Amino acid sequence: MNYPAGLSASQMEQKARDALEKLSQARAAVAEQIFGQDEVVEEALAAILSGGHALFVGAPGLAKTRLVDTLGKVLGLDAARVQFTPDLMPSDILGSEVLEEGAGGKRAFRFIKGPIFAQLLMADEINRASPRTQSALLQAMQEYHVSIAGARFDLPRPFHVLATQNPLEQEGTYPLPEAQLDRFLLQIDVDYPDRAAEKRILIETTGAARKEPRAVLDADDLMEIQDLVRLMPVGESVVDCILDIVRAARPGEGPEELTKNISWGPGPRASQALMLATRARALLRGRLAPSKADVLALAAPVLKHRMALNYAARADGDTVSAAIDRLLQRFA
């Protein structure tokens, strides 16, 4: 492991132990608010610890908004939320210039920042906004700054977008293009909770008192942990496993019986995302190096929005998730 200048191995080990303790507390704090979605919470935290963005896909009423609000408070981040609608304009997200008149009668433009200038932004139902508005947000996600009237305005650090999509109703929506989907580190599917979790939801969320999330980290703590994630060693076997899985999902490279139904597959950004996410998952589970199990656990969230099936496969009722499952069975 390469240590930052001025830090010894023992100091780095202490930082790692501190990070493990804080992350354990953070997960416990989130678990006090979100019931029955442990895997979703873990994947969301992995995306944030990796420095990336996440796309939540699930039916309404599954606590996606509550999860983002809870993560913002637990991680000590300045959070904002935008409800995407077809009439939403880029300026509604980025901000706009207004003409003001000073005391001496002199007029000048002043930039008023939009909700994107938050450390954690929830883009609710992102596919309901027009492609122009989607592009404005997704460009900022990639570049970490916005340009207004030729002037550059840097976004705060850390900066993360957690977007949601409703997979049930597609009327009046604008599906995200593949190149824009690729900018999300993970696609996180949110399913219904089991009976025990739903019973706990009924009991603990319908009373008069409501327990507020408690802050465990702050922005500086989070960025230190993000730096630690990038410093974690990755074994050669894990690196090879990542490459084998990603490359096997590409037409012409993977086994014919698996890729014959794939129209296009994941690029190198998928390998980068899987490398970072597996490190973050290992840290969340109290380990300082990822394993093959981490790769297999996060391969589907990394791949499912970065590949597509051809028409024949879709006509036969095949799905991307099923194709990924068949692929991963070869590496289990």
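The protein chain is assigned two domains, domain 1 (9–219) and domain 2 (232–331), with bounds that come from an automatic or database domain assignment. The model is a predicted one, in which local features need pLDDT of at least 70 and side-chain atom pairs count only at pLDDT 80 or more, while totals for chains, interfaces and linings use all residues. Residues are numbered from 1 along each chain as its sequence is written, and side-chain values use heavy atoms, with hydrogens and water left out. Taken over C-alpha atoms, the centres of domain 1 and domain 2 are 24 Å apart. Domain 1 brings 20 residues to the contact and domain 2 brings 19 residues, where contact means heavy atoms within 4.5 Å.

We can turn next to the strands. An open sheet is built from five strands in the order β2-β5-β8-β1-β9, with parallel pairing. Its edge strands, each pairing on one side only, are β2 (79–83) and β9 (186–189). From one strand to the next, the twist averages 20°. Strands (E, at least two residues) and helices (H or I, at least four residues) are DSSP runs, numbered from the N terminus, and two strands pair if DSSP finds at least two bridges between them. Within this sheet, four bridges link β1 (residues 54–57) and β8 (residues 160–165) in the parallel sense; phenylalanine 56 has threonine 164 of β8 as its bridge partner. Helix α3 (residues 64–74) lies across β1, β2, β5 (120–124) and β8, and runs at about 175° to β5. Here axes are lines fitted to C-alpha atoms, for helices over the stretch in contact, and angles run from 0 to 180 degrees between N-to-C directions.

Two hairpins are also found. β3 (residues 95–101) and β4 (residues 107–113) run antiparallel and are joined by seven bridges, with glycine 95 standing opposite lysine 113. Five residues lie between β3 and β4 in this hairpin, and glycine 105 in the turn has a positive phi of about 85°. Opposite histidine 145 stands aspartate 154 in β7. Two residues separate β6 and β7, and alanine 149 in the turn has a positive phi of about 55°.

A pocket is an open set of points on a 1 Å grid over the protein atoms alone, where a 1.4 Å probe fits, with protein on both sides within 12 Å along at least five of seven lines; lining residues have an atom within 4 Å of a point. The largest pocket holds about 680 Å³, the volume being the space filled by probe spheres set on the points, which are joined across faces, edges and corners. Its lining counts 24 residues, and Gln165, Leu181, Gln187, Lys304 and Val320 lie nearest the centre. Both domain 1 and domain 2 give residues to the lining of the largest pocket, so this pocket lies between them. At least two lining residues come from each of β1, α6 (178–181), β9, β11 (308–309) and α14 (320–329).

The second largest pocket has a volume of about 520 Å³. Its lining has 24 residues, with Ser50, Gly51, Gly52, Tyr144 and Arg230 the closest to its centre. Helices α5 (131–143), α8 (219–231) and α11 (268–284) each supply at least two residues of this lining, and domain 1 and domain 2 each provide at least three.
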